[in-house]
Amino acid sequence: MSTLEALTLDHVVDTDRYPLSELDSTDGQAVVNRAKRELSAQGCTVLPDFIRPSLRDVLRQECSAIAPRAHFDVETVNVYNIAVDSDLPQDHPGRLPFERGNAFVARDRIPANSLISKLYSSEAFQRFIASCFQLPRLHELADPLSGLVLNVVEPGKEHPWHFDTNEFTVSMLTQEPQDGGVFEYCPNIRSAHDENFADVRDVLDGRGDRLVRRLPLRPGDLQLFKGRYSLHRVSPVQGEAARHSAIFAYSERPGVIGSVARTRQLFGRVRPEHLAAEGRSVRGDHLLD
C-alpha cells in the first residue's frame, strides 16, 4: 500500500481546526455555526486551509495529472442553460449569449485513491457538510460521471455567469491561475418564487457591480455555496496556468442521476445509467434552469 493510500481523514484535513469526527464538541459546533451564519447571510462560506498545507502540492499534482482528461468543448450558452434561441422577450437576460470555455473531468476518470476522491466518499466529511447546510444527511450522486468532477478553466477561458441546478455546491480550488479566474457571485439574487430578471440583467450588462462580490480563494480552501439562487461565475483566466477546482456533488435524496442532455453537454458522453433514469427527475421549483 502506498503512503498516499494509507492516509486517513486526519492526515488529509486539518482536523485540529476542523474536527469533522467531533461535531458535537465545542470546537466542532463553533465551526458549523459559523458556516451556518455565513451561508444564511451571504449564501457562501469559505473554510481556509481545510486541506493540510503539507498536502497542498500533492493536491495540485494529482489534479493537474488528470486535467487533460476533461471534455473540452467551447459552446454558446446563457445564464439559465436553456436554448439560446428560446422565444424570450427582447429584454430577457436569457437572450444574452456567453461562451462557456471551462471543461470537466468526469468522476469515472478520477482515481479512487486521490485526495479529492477520499474526501468525497468520507462519511465524516458528508456529515459535516450536511450539518453546515442544516440538512439531516447527504447522499453521493448515483450518477457515474457527475458526482465528483474537476472543473478546468484554461488560460483565456472562463466559466461564465450561471445558476446551479443544485441548491448547494461544495468545491475546492486545487490550482490557482497566475491572474484572473476570480470567483464572483451575487448572493440570493433570486428566490424559488422570484427570478428577479431586472437585477440579473443589470449584472450581465455590467451595470450591477453593486450586487457582485469577489471571493479570494487559495488551493486547499473549502467553499460551501448556495448556487441555486446566487448568480456566479469564474472570470477569465490569464497567464500560463489553468484554474482547477474540485466539485463535490451531493443530494438530499439517494439515486440522483443527471439528464441525458445535460450530461452529454458537460462530458460529451452518457452511460447506460443516464438512459435508464431519463424522465424520472423531479424539480423542487419552477425556475428556468
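**A pocket, a helix pair and one arginine**

The second largest pocket has a volume of about 150 Å³. A pocket here, on a 1 Å grid over the protein atoms alone, is an open set of points where a 1.4 Å probe fits, with protein on both sides within 12 Å along at least five of seven lines. This is a predicted model, where local features need pLDDT of at least 70 and side-chain atom pairs count only at pLDDT 80 or more, while totals for chains, interfaces and linings use all residues. Residues are numbered from 1 along each chain as its sequence is written, and side-chain values use heavy atoms, with hydrogens and water left out.

Back to the pocket. Its lining (residues with an atom within 4 Å of a point) includes Leu-173, Glu-176, Val-182, Phe-183 and Arg-243. By class, the lining has seven nonpolar, two polar and two charged residues.

Next, Arg-233. This residue lies in strand 13, residues 231-234 (strands are DSSP runs of E, at least two residues). Its side chain makes a polar contact, at 2.8 Å, with the side chain of Glu-184 (a pair of N or O atoms within 3.5 Å, one able to donate a hydrogen and the other to accept it). Leaving aside residues up to four places away in sequence, Arg-233 also touches Val-182 and Phe-183, among others (contact means heavy atoms within 4.5 Å).

Last, the helices. Helix 3 (residues 26-42) packs against helix 6 (residues 123-132) at about 45°, with axes 8 Å apart. Val-31, Val-32, Ala-35, Lys-36 and Leu-39 meet Phe-128, Ser-131 and Cys-132.

How values were computed. Axes are lines fitted to C-alpha atoms, for helices over the stretch in contact, and angles run from 0 to 180 degrees between N-to-C directions. Helices (H or I, at least four residues) and strands (E, at least two) are DSSP runs, numbered from the N terminus. Grid points are joined across faces, edges and corners, and a volume is the space filled by probe spheres set on the points. Ala, Val, Leu, Ile, Met, Phe, Trp, Tyr, Cys and Pro count as nonpolar, Asp, Glu, Lys and Arg as charged, and the others, Gly among them, as polar.
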